[in-house]
There are 4 protein chains.
Amino acid sequence: MHRPGRHFLQIPGPTNVPDRVLRAIDAPTIDHRGPDFAQLGLEVLDGLRWVFGTEGPVVIYPASGTGAWEAAIVNTLSPGDKVIASETGHFATLWREMAERLGLEVVWLEGDWRHGASPERIADALDDDVRAVMVVHNETSTGVTSRIADVRAALGDHPALLLVDTISSLGSIDYRHDEWGVDVTVGGSQKGLMLPAGLSFNAVSEKALSASRDASLPRSYWDWKPIIAANEAGFWPYTSATNLLYGLREAIAILREEGLDNVFARHARHAAATRAAVQGWGLEVLAVDEREFSGALTAVLLDGSDEVRRVILERFDMSLGAGLGKLKDQIFRIGHLGDFNDLMLAGTLSGVQMGLQLAGHDVGDGVTPALEVLKQ
Amino acid sequence: MHRPGRHFLQIPGPTNVPDRVLRAIDAPTIDHRGPDFAQLGLEVLDGLRWVFGTEGPVVIYPASGTGAWEAAIVNTLSPGDKVIASETGHFATLWREMAERLGLEVVWLEGDWRHGASPERIADALDDDVRAVMVVHNETSTGVTSRIADVRAALGDHPALLLVDTISSLGSIDYRHDEWGVDVTVGGSQKGLMLPAGLSFNAVSEKALSASRDASLPRSYWDWKPIIAANEAGFWPYTSATNLLYGLREAIAILREEGLDNVFARHARHAAATRAAVQGWGLEVLAVDEREFSGALTAVLLDGSDEVRRVILERFDMSLGAGLGKLKDQIFRIGHLGDFNDLMLAGTLSGVQMGLQLAGHDVGDGVTPALEVLKQ
Amino acid sequence: MHRPGRHFLQIPGPTNVPDRVLRAIDAPTIDHRGPDFAQLGLEVLDGLRWVFGTEGPVVIYPASGTGAWEAAIVNTLSPGDKVIASETGHFATLWREMAERLGLEVVWLEGDWRHGASPERIADALDDDVRAVMVVHNETSTGVTSRIADVRAALGDHPALLLVDTISSLGSIDYRHDEWGVDVTVGGSQKGLMLPAGLSFNAVSEKALSASRDASLPRSYWDWKPIIAANEAGFWPYTSATNLLYGLREAIAILREEGLDNVFARHARHAAATRAAVQGWGLEVLAVDEREFSGALTAVLLDGSDEVRRVILERFDMSLGAGLGKLKDQIFRIGHLGDFNDLMLAGTLSGVQMGLQLAGHDVGDGVTPALEVLKQ
Amino acid sequence: MHRPGRHFLQIPGPTNVPDRVLRAIDAPTIDHRGPDFAQLGLEVLDGLRWVFGTEGPVVIYPASGTGAWEAAIVNTLSPGDKVIASETGHFATLWREMAERLGLEVVWLEGDWRHGASPERIADALDDDVRAVMVVHNETSTGVTSRIADVRAALGDHPALLLVDTISSLGSIDYRHDEWGVDVTVGGSQKGLMLPAGLSFNAVSEKALSASRDASLPRSYWDWKPIIAANEAGFWPYTSATNLLYGLREAIAILREEGLDNVFARHARHAAATRAAVQGWGLEVLAVDEREFSGALTAVLLDGSDEVRRVILERFDMSLGAGLGKLKDQIFRIGHLGDFNDLMLAGTLSGVQMGLQLAGHDVGDGVTPALEVLKQ
């Protein structure tokens, strides 16, 4: 059954894939051991270094972001190692569970899902046994962005590795792997990089590489070493997801054309317009600290949000993000990341407002204040 | 230079081409004399009969709509023939000029570009020499829809042929070739049919076919006869624009899935919401007779509209229709036809409103009243 | 029902459309009156001048090649004008019929469909009343290429216009509009330009432009004047087939990358390999004068060819060209133009050989001698 | 730089992706937690069961085939477990290395890379400690197909699990997970399934599921349990590679249209024609046991094969498979799996023959005997 017009995919990722990227993917596969492939490989590896802000290696996996989480752990840690993790939301919780399943001891800094990781509490939790600190940069489940540079500063000269999940921030929110001193940055294809899901990344510091030599968790698929070695010549030890790499090449070209700073500014502006709408509706943004507002998505507190999302999907063909984990049915999330512009946001906010009203919520006018922001 | 997000193509055609149609076009060309082609040919011819509301032949040209205008004339008329045409706007004027260039004598019923063709005035202008009446169903330059059934009734049993241009109404606004007694209906691919430009059509009545036997304007490319003969088996006398026919097949499938009545209702609803916005802005719709409001586009009176369109294109990446001919810079036109939905319209109207304000026009809030209509 | 692997589309056009061109077509339509369109328009017009070998205007029609035939006539000639045409095959015959239907007097130089146009006979037929000479450069129905430069020389300083159909030679066989002194060159998109059908062209000399001012055949759609005027700024007077223009831009880029001379040489080489195969089979090429062998296709004499083509289509999923007109069932035609390479030709000739044998023709080995040519 | 015509991708995978599959992938991403996705998920899971010949669960990973190897191991085995593996070639060797890296003890049945796994030797190696037998069904590095049903029979009622890699046989060579009593079948997207690389699979028996409850290798990303649970409703625990799933849906539709038996027969026929060509060239096929000839690829013994492959790539734009591991430069491999037909094979073999000759190998005519096979 055809639904007229374009679906509004306003979950906080996967995001709208630009036509240019889809067309790039829609091309015949090539020999993954031939010269054309090598050129492709070197080109995307170089581009990713630019996106992550690093001069070190970036490892590409044909895997979802969850796979890159696992890779970050198994390459750097050993059974029983102690790590610190901050409860910033659903994805931080999932990453912690993975760490425990893989045999780590996690010091879990509980949180209210409305704040980012606390540099102070992390500093307090450090002891000689801590081998790594795991932080989610942008919590996709809450729209809260942790301050990674501050976390790094809080670690001082403690030898713990800093592992950061940027799945929903990379290419959307300012991020600097080298400058901020991160050891492993985990990224994914389906958010700011504007690709379908299916690729994920580890940007790796010297220190992390060094740690990987002693890390003893069993690993094979995720092992950095053979991948980094093969990458020298633009290849991979196993068959790459070539067509997604075509898309990655195009996505990087798009980011270069717009400029990363412009991309970040655009997202910040859309986030500000969205918060203006939330205020106009008389609702509350989940994030409470303005230093932690996310440029990628905005979560809005609303009891009974699932019914609103259902109405909006049915009536206006728009997908919004649900409340996850303990926030189920308590919030909805508006994604405004990826390949997105002012009028798409205006349509999005109009749809949210109509859906709230149709679902029986007596909300005010949020569209007009949002347009005021967009007009500036 | 990449512009983020999707361009808003809100000119009254060419319209947004659904991804399904673009993908259908993006397929290897086949032998235009082979069995697969024959099946394609028969399928699209059958589908077009359904779209036009006819059981007679529909002739497909690899040509723009202008070509199908010419075809309607050269197949049915002879040098010096007298025809009546109503000045409903820019395209009616262009069709008249074509008729004169091809050697016809045109009785030109002048108009103010704010009304449709007048059945009464056409009836008054009929005399024994009149061979045909030419009417534009939906004037793309003004957003005024002429009442074709009433025009037909006004002709009574006069033998003149009724030639109707439905280029911007077909598949957007209710139209019935057989039921309304039209002799030649001219259509195009790039509006309600949601295809790129490049195909155009003549739906042909028995009476028109009969007239074509005596019509003596020179014709070859446009000649119905060999085309209709070859169409029996699903072929054409010359190489068809096969890939556009792939798209046509998919577009017809989409129209069947939604249902033509639902398509017409959707467009009418969007037109009503747009007029509500215009009223909210304190501006005036060009069309004055509510029986003639167009479901496909809305033209808005505004002195200095070109600057507003420039601002909107630059700031919000949206294309609107300009004032054409004598309406240059006096109106702008909002297309809301084709593959379009509520949130795309909300984004469109938001963009118009912001653009008007940024260009210095002190307009009120049109978005809110439009959303009220869309919520119903 | 899926047929495995790629169809071999070895008719002499439409040809295989490169993926790059299909993907270029598969892109959202843009405003045909906006700045992006103007850039597209200027770019393809410039590229076409290069392809035609002219510094004069090239007019693009959204039409099949037949339409561009008509355009060449109605822009330059008047009712009753006398023209010379050479019977080189089916398409020359169709063009002649068109000229007659449009009211010209055609001096028809009969031929055996195995030779090109004879410069000597054309010179002999010239008298003071002759207004134009019509020649098909590459007869798609026979695989015979007429020597246009020699025809031009034969005209001497006679004022007749030279109209040349290059539909199946443009971009496949050496052609030079300006250098050879042609007045109107007719081209199409679906052969050497590697596009789907739907665009056609007139390259126009100063002399033809001048003739168009006095030519009195009725014309509107095909009229050069408003098109050339609008083209100055990159636009057209009516809605262009924008998506096909995207494809044209990409096709021109492909031709520039390979280089026209390399393209011509590749086609000539494939034609030589094909003739070697024909000889190996013990069959006869239709063309008899080696100066007139076509680089675009090879026609092979074979009584009962339709059955062979049927077997080949059914068993090997390959389309070959049929004998047309008076050659029906007497020949088959192998297209080797467009986006084509050595191994595709080897597969093609293998399929022809197997099909001939399966249909009961006791032919020898043509593949091996063809491979000998390809190996050089 | 454009290379004319289509590249011949005749490595034994990734294979040529049908246009229908590429177009299916080239579609907007949807909400991975919405109703449309659930339908997609259920549909591909159902289709995969059909392809694998199982009524049990099939787990889909966004990963290369190597990842599915790892999944088969970590879900069913514990550190120090003893497994038997047969040295059939390069990929069997890699899988063994992975098993050792993950902490298993591998009983390695050495082989000459020209034979499949020996049921007898496996039976002989079984003892009470053996927990699993790992076999590669079709060795992509050698073109030798092991007889899985015989291996299964040789295990008798020993409780060891049977793990089979079908990465290059699934959808190309007859395979029956349930009927043959396999416990974990590993598959990939980029061979017989005609997709780009990026998806891989585990088909899982009841016995394997049961074993997974006690298996203690650390696992998280690869863990079957949460995936199978989420699959009940058509979802996955993490973000799927949605666009590749679109392609998978289309690929399964294509396989259903042709019928798996027809697909297998087509591949077997192409393999026979290829072996006829090898014989004609006077060369030797690597596989020596005719019961083990692969339908998916044919490896040909040739000292100095890398130079031949280089010449073929440069001159004829065809990629062939290299000799891997200890066969480097000793063989070349011709892939004839996936979306492939008779004339593509004829072109392929022609290219190999010409390349051999151009590289200085004095080979005979292999194309003619191959065509004889194809004609039958």
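1. A network of salt bridges links A:R6, A:D19, A:R23, B:R6, B:D19, B:R23, C:D26 and D:D26. A salt bridge here is a side-chain nitrogen of Lys or Arg within 4 Å of a carboxyl oxygen of Asp or Glu. Over all chains, the whole structure holds 124 salt bridges.

2. The model is predicted: local features need pLDDT of at least 70 and side-chain atom pairs count only at pLDDT 80 or more, while totals for chains, interfaces and linings use all residues. Residues are numbered from 1 along each chain as its sequence is written, chains are lettered from A and ligands numbered from 1 in the order in which they are written, and side-chain values use heavy atoms, without hydrogens and water.

3. D:D36 and A:R3 form a salt bridge, N to O, at 2.4 Å. This pair crosses between chains, from helix α2 (residues 35-52) of chain D to the segment before β1 (8-10) of chain A. Helices (H or I, at least four residues) and strands (E, at least two) are DSSP runs, numbered from the N terminus. D:D36 is partly exposed at 33% relative accessible area, and A:R3 is partly exposed at 43%. Buried means under 20% relative accessible area, exposed over 50%, and partly exposed in between (1.4 Å probe, protein chains only).

4. In chain C, the closest N and O atoms of C:K326 and C:E87 are 3.3 Å apart in a salt bridge. C:K326 lies in the loop between β13 (318-322) and β14 (331-335) and C:E87 in the loop between β3 (82-86) and α4 (90-101), so the pair ties together parts 239 residues apart in sequence. C:E87 is buried, at 12%.
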